[in-house]
Amino acid sequence: MPTPKKGARLGGSAKQQAHMLSNLAASLIEHGAIKTTDAKAKVLRPYIEKIITKAKSGTIADRRAVLKLIPRKDVVSYLFDEVAPKFENREGGYTRTIKLDNRAGDNAPMSQISLVLEETVTSEANRATRAAASKAAEAEEAKADEAAETEAPAEETAAEESEEK
């Protein structure tokens, strides 16, 4: 019976690949960026994205699930406490892969995979839109207050005239 295969194995068995991904993910979280081969970077990307999505919610169950994938408590606590809050406004796309020159020794294609910690353009745009909307609302309130002040004396004089008659 043939060995079942689901995707490429990066040298060795599924357990070896799981350990390798765990170590790559821990290094990526710890350092913010790592250089690795293209094949490993392509496999690491969805793995780390799912971990960061779990870390954003921050529940104890999610922390335990991440600890199963990355069994280094210091890295997981750093992920949950410091890295995940930076991705609060981001819905996905937590990593960036940049192609590098081939490795000198064996000519393997290399990439740098890094965490994207910059603000998203949409969140900055939303912030600007909200600021403009709040300024417009303040201006409308000011106009309404001025109109109410000018109408109030007119109503008082109309009431006084009706009392005099």
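## The first helix and its buried residues

In helix H1, the residues that count as buried are Gln17, Met20, Leu21, Ser22, Leu24, Ala25, Ala26, Leu28 and Ile29. The model is a predicted one, and in it these buried residues of H1 pack against strand E1 (33-37), H2, helix H3 (60-69), H4, strand E2 (95-99) and E3.

The length of H1 agrees with expectation, because its 18 residues should span 26 Å at 1.5 Å a residue, and its end C-alpha atoms lie 25 Å apart. H1 is followed by glycine 32, for which phi is positive, near 90°.

## The largest nonpolar core

In soluble globular proteins, nonpolar side chains tend to be buried together. In this chain the largest nonpolar core has 26 residues, and those with the most contacts inside it are Ala25, Leu28, Leu44, Ile51, Ile52, Ile70 and Leu79. At least two residues of this core come from each of helix H1 (14-31), helix H2 (38-57), helix H4 (73-83) and strand E3 (110-115), and H1 gives the most, with 7 residues.

Leucine 79 is among the core residues with the most contacts inside the core. When its neighbours within four places in sequence are left aside, leucine 79 is in contact with Ile29, Ile51, Ile52, Ala55, Val66, Ala84 and Pro85; one of these, Ile29, is also among the buried residues of H1.

## Serine 114 in strand E3

Serine 114 is found in strand E3, and it counts as buried because its relative accessibility is 9%, which falls under the 20% cut-off. Not counting residues up to four places away in sequence, serine 114 touches Leu28, Gly32, Ala33, Tyr94, Thr95 and Arg96.

## The chain as a whole

The chain has 5 helices and 3 strands, and from the N terminus on its elements run in the order α-β-α-α-α-β-β-α. Among contacts between residues at least 6 apart in sequence, 56% join residues at least 24 apart.

Of the 165 residues of the chain, 26% count as buried. The accessible surface of the chain comes to about 11,500 Å², and 53% of this surface belongs to carbon and sulfur atoms.

Technical notes: Residues are numbered from 1 along each chain as its sequence is written. This is a predicted model: local features need pLDDT of at least 70, side-chain atom pairs count only at pLDDT 80 or more; totals for chains, interfaces and linings use all residues. Side-chain values use heavy atoms; hydrogens and water are left out. Helices (H or I, at least four residues) and strands (E, at least two) are DSSP runs, numbered from the N terminus. Buried means under 20% relative accessible area, exposed over 50%, partly exposed in between (1.4 Å probe, protein chains only). Contact means heavy atoms within 4.5 Å. Accessible areas come from the Shrake-Rupley method with a 1.4 Å probe; for residues, only the protein chains shown count as cover. A nonpolar core is a set of buried Ala, Val, Leu, Ile, Met, Phe, Trp, Tyr and Cys residues joined through side-chain atoms within 4.5 Å. The expected span of a helix is 1.5 Å times one less than its number of residues.
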